[in-house]
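This briefing is for a reader new to the structure. Please look through the sequence and the model first, then read the points by topic.

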Amino acid sequence: MRLPLAVAAVALGSTLGAVAIARVARAQCVDEELAQELVGGRHYRGVQERLFTKAFRHEISALGGWYAGDLYSGNWLAGGAYTFHFSEDLGLEASVEFTRFHSSVTDSYERRYPQIQVLDRADRPGTLYFGHIVWSFAYGKVRWMGGNTGRFDFNFALGAGVTDDSTSRGVTGSAGIGAKLYIGKWFAVRFDARDHVLREVLVGDEHLVNDVLITLGASVFIPFGG
């Protein structure tokens, strides 16, 4: 009787030991699989490629739009800009734009009083030379009808420059907001709205004015590869 009991005890002990070993091995496998998933997830997030990179790239833009002046009638605006991006958030922009300064009010006044000339030329060209610090403060992604995903951002620009016409005086301050939609690796469409604050002299009086510029443009980024 003792021998069968001993054999049964040994068998039971072996079975329990095997079950315990199997449970430990299974727990270790689960732990290893979970660790691999976590590491893999972190790795994927860490090396995820950006949709569009700006840091240390050159941006060349063609611009066109509308110039709405306080003392002058609205007119077309055309020009270009160069921006060097120090990072994904900050860039330094230099621009030159051309327009014409025309006042329908002075035209009417001079027609009514031909002996008085308010301006030497009622319609004359003007050139705007400006520099801005551009800060991209927000960005997002957009997916086109279930196809490719693109990136866009919003920016704030602050700077100063010169309004080259016969009535402006001193430095012109500038501030505004803008947005860019990036397509592919090297192309973008941009929209900008900026306010120019300057002093102008008209009919012997000096005025502090706010001129608004609205432009739409296209940009090319160099190097092209991103």
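On a 1 Å grid over the protein atoms alone, a cavity is a set of points where a 1.4 Å probe fits but cannot get out, and a pocket is an open set with protein on both sides within 12 Å along at least five of seven lines; lining residues have an atom within 4 Å of a point. Grid points are joined across faces, edges and corners, and a volume is the space filled by probe spheres set on the points. The model is predicted, so local features need pLDDT of at least 70 and side-chain atom pairs count only at pLDDT 80 or more, while totals for chains, interfaces and linings use all residues. Residues are numbered from 1 along each chain as its sequence is written, and side-chain values use heavy atoms, with hydrogens and water left out.

**Cavities and pocket**

- The structure holds 2 cavities of 30 Å³ or more, and the largest cavity has about 120 Å³ of space.
- The lining of the largest cavity has 15 residues, and those nearest its centre are Leu-63, Glu-97, Arg-194, Leu-213 and Thr-215.
- Strand E7 (187-202) gives the most to this lining, with 5 residues.
- E3, E4 and strand E8 (205-222) also supply at least two residues each to the lining of the largest cavity.
- The largest pocket has about 170 Å³ of space.
- Among the residues lining the largest pocket are Leu-51, Phe-52, Trp-144, Arg-151, Tyr-182 and Lys-185.
- E5 gives the most to the lining of the largest pocket, with 3 residues, and strand E6 (168-183) supplies at least two.

**Overall make-up**

- The protein chain has 2 helices and 8 strands; helices (H or I, at least four residues) and strands (E, at least two) are DSSP runs, numbered from the N terminus.
- Along the sequence these elements follow the pattern α-β-β-β-α-β-β-β-β-β.
- Of the 226 residues in the chain, 30% are buried; buried means under 20% relative accessible area, exposed over 50%, and partly exposed in between (1.4 Å probe, protein chains only).
- Of the contacts (heavy atoms within 4.5 Å) with a separation of 6 or more, 59% are between residues 24 or more positions apart.

**Surface**

- The accessible surface of the chain comes to about 13900 Å², and carbon and sulfur atoms hold 65% of it; accessible areas come from the Shrake-Rupley method with a 1.4 Å probe, and for residues only the protein chains shown count as cover.
- A nonpolar surface patch of about 970 Å² includes Phe-86, Leu-92, Trp-135, Phe-156 and Leu-158.
- Patches are made of residues with over 30% relative accessible area and no salt bridge: like charges are joined within 9 Å, nonpolar side chains (Val, Leu, Ile, Met, Phe, Trp, Tyr) within 5 Å.
- E3, strand E4 (123-143) and strand E5 (149-164) each supply at least two residues of the nonpolar patch.

- Phe-98 lies in strand E3 (residues 90-102) and counts as partly exposed because its relative accessibility is 41%.
- Beyond its neighbours within four places in sequence, Phe-98 is in contact with Trp-76, Leu-77, Ala-78, Gly-126 and Thr-127.
- Ser-136 lies in strand E4 and is buried, with a relative accessible area of 11%.
- Not counting residues up to four places away in sequence, Ser-136 touches Lys-54, Glu-88, Asp-89, Asp-153, Phe-154 and Asn-155.
- The C-alpha atoms of Ser-136 and Glu-88 are 7.5 Å apart, although the two are 48 residues apart along the chain.

**Salt bridges**

- Side chains of opposite charge can pair when their charged atoms come close.
- A salt bridge is a side-chain nitrogen of Lys or Arg within 4 Å of a carboxyl oxygen of Asp or Glu, and by this rule the count comes to 9.
- Lys-54 forms a salt bridge with Asp-153, with the closest N and O atoms 2.9 Å apart.
- This pair links distant parts of the chain: Lys-54 is in the loop between helix H1 (2-46) and strand E1 (58-68), and Asp-153 is in strand E5, 99 residues apart.
- Lys-54 is buried, with a relative accessible area of 1%, and Asp-153 is buried, also with 1%.
- Arg-190 forms a salt bridge with Glu-59, the closest N and O atoms being 3.8 Å apart.
- Glu-59, Glu-93, Lys-180, Arg-190, Asp-192 and Arg-194 are linked in a network of salt bridges.
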